[in-house]
Amino acid sequence: MEYIPAKTIVTRTKSSGQWFGIDYNMNIYKGCCHGCIYCDSRSECYRIGDFDRVRAKEDALRIIRDELRRKVKTGVVGTGAMSDPYNPFEKELKLTRHALELADAFGFGIAIATKSTLMKRDTDILESIREHSPVLCKVTVTTTDDELARKIEPGVSLPSERLDMIADLSRKGIFTGILLMPVLPFLEDHEDNIRAVVRCAHEAGARFIYGVMGMTLRGNQREWYYDSLEKLFPGQKLAGKYMRTYGNRYECPSPDASKLWKIFTEECRTYGILYEMKDIVCAYKRDYEITQRTLFDS
């Protein structure tokens, strides 16, 4: 493992509370080896050279400890925005696990985004944090087709395994749901896939699904994605289809986005699954905000 210097790790979000109610961002690792062909973090605007090589931030736990201790206000710390906190090296290094322990010790909530079932290892800490602060687990599942996932997400836990983890966390009362994003045009943007994801989410006990019917493409990431499509799906001429449909656009919604969104929301309502951001945030924070108001009023 290569270690890179860092001056700060726990930073205030630019629009506090708007993205899943997160107040702070925490990225312990830089780069990712999951190999997802669509990853936006590969974009040149983030200036992450050699993105597929994972590096850890030097002296990360001391920095996190000192930054959490100095925060005037507690809140929810989000992790997983740029690099998955549960890459394969985390199994031995346990930097994410120990960072969660620090969040617990200093009274912070936590919101995790991951595609790895390694998160299940840290259920004990998540349960401890839940005693005093909000906990939100967001697991990316964009298809229930394990064979397709092996192509587009080659280095990560299979969707079936992620759904099993969601079921396990949900049974233990941890607020867990799905990130249905990106939905890849011409590969995942069809009615059967959307219905299958929502149905499997329901069967796993997911509390929410946050969906986007499309993807984003920009410099460096776009070229990588198109090259990957040609290698993985030879003869389908998918890259050309993307170029004709989207050109150099950043936002690339499915041509059937409106239809799919209608199906998605109807399915979520049928199963009682939350899908609006404000409803998700309200639900996972509700008990803690009531407790805080009661303590303040007394």
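Leaving aside its neighbours within four places in sequence, which residues is Asp122 in contact with? In this predicted model, the partners are Tyr86, Arg97 and Leu100. Asp122 sits in the loop that runs between strand E7 (109–114) and helix H4 (123–130). Is Asp122 buried or exposed? Its relative accessibility is 0%, so Asp122 counts as buried. Its side chain also makes a polar contact with the side chain of Arg121, at 2.8 Å.

Another loop residue to look at is Glu153. You'll find Glu153 between helix H5 (146–152) and helix H6 (159–171). Glu153 has a relative accessible area of 2%, and buried means under 20%, so Glu153 is buried. If you set aside the neighbours within four places in sequence, Glu153 touches His34, Cys36, Tyr38, Lys115, Thr142 and Arg162. Two of these names come back when we turn to side chains: Glu153 has a polar contact with Tyr38, and Glu153 has another with Arg162. Then there's Gly35: along the sequence, Glu153 and Gly35 are 118 residues apart, yet their C-alpha atoms are 5.9 Å apart in space.

| Side-chain pair | Polar contact |
|---|---|
| Glu153 and Tyr38 | 2.6 Å |
| Glu153 and Arg162 | 2.7 Å |
| Asp122 and Arg121 | 2.8 Å |

Now for the helices. Two packed helices are described by the angle between their axes and the distance between the axes. Take helix H1 (residues 60–70) and helix H3 (residues 95–105): their axes are 10 Å apart, at an angle of about 20 degrees. Angles under 35 degrees count as roughly parallel, so that is the word for H1 and H3. The crossing of H1 past H3 is right-handed. On the H1 side, Leu61, Ile64, Arg65 and Leu68 make the contact, while H3 brings Leu95, His98, Ala99, Leu102 and Ala103. Sorted by class, the residues where H1 meets H3 are 7 nonpolar, 1 polar and 1 charged.

How do things look for helix H8 (residues 221–232) and helix H9 (residues 238–246)? Their axes come within 8 Å and cross at roughly 140 degrees. That angle makes H8 oblique to H9. In H8, the residues involved are Tyr225, Tyr226, Leu229 and Glu230, and they meet Leu238, Ala239, Tyr242 and Met243 in H9.

Notes
Residues are numbered from 1 along each chain as its sequence is written. This is a predicted model: local features need pLDDT of at least 70, side-chain atom pairs count only at pLDDT 80 or more; totals for chains, interfaces and linings use all residues. Side-chain values use heavy atoms; hydrogens and water are left out. Axes are lines fitted to C-alpha atoms, for helices over the stretch in contact, and angles run from 0 to 180 degrees between N-to-C directions. Helices (H or I, at least four residues) and strands (E, at least two) are DSSP runs, numbered from the N terminus. Angles under 35 degrees count as roughly parallel, over 145 as roughly antiparallel, 65 to 115 as roughly perpendicular and the rest as oblique. Contact means heavy atoms within 4.5 Å. A crossing is left-handed if the near helix is turned anticlockwise from the far one by less than a right angle, and right-handed if clockwise. Ala, Val, Leu, Ile, Met, Phe, Trp, Tyr, Cys and Pro count as nonpolar, Asp, Glu, Lys and Arg as charged, and the others, Gly among them, as polar. Buried means under 20% relative accessible area, exposed over 50%, partly exposed in between (1.4 Å probe, protein chains only). A polar contact is a pair of N or O atoms within 3.5 Å; within protein, one must be able to donate a hydrogen and the other to accept it, and residues adjacent in sequence count only if both atoms are side-chain atoms.
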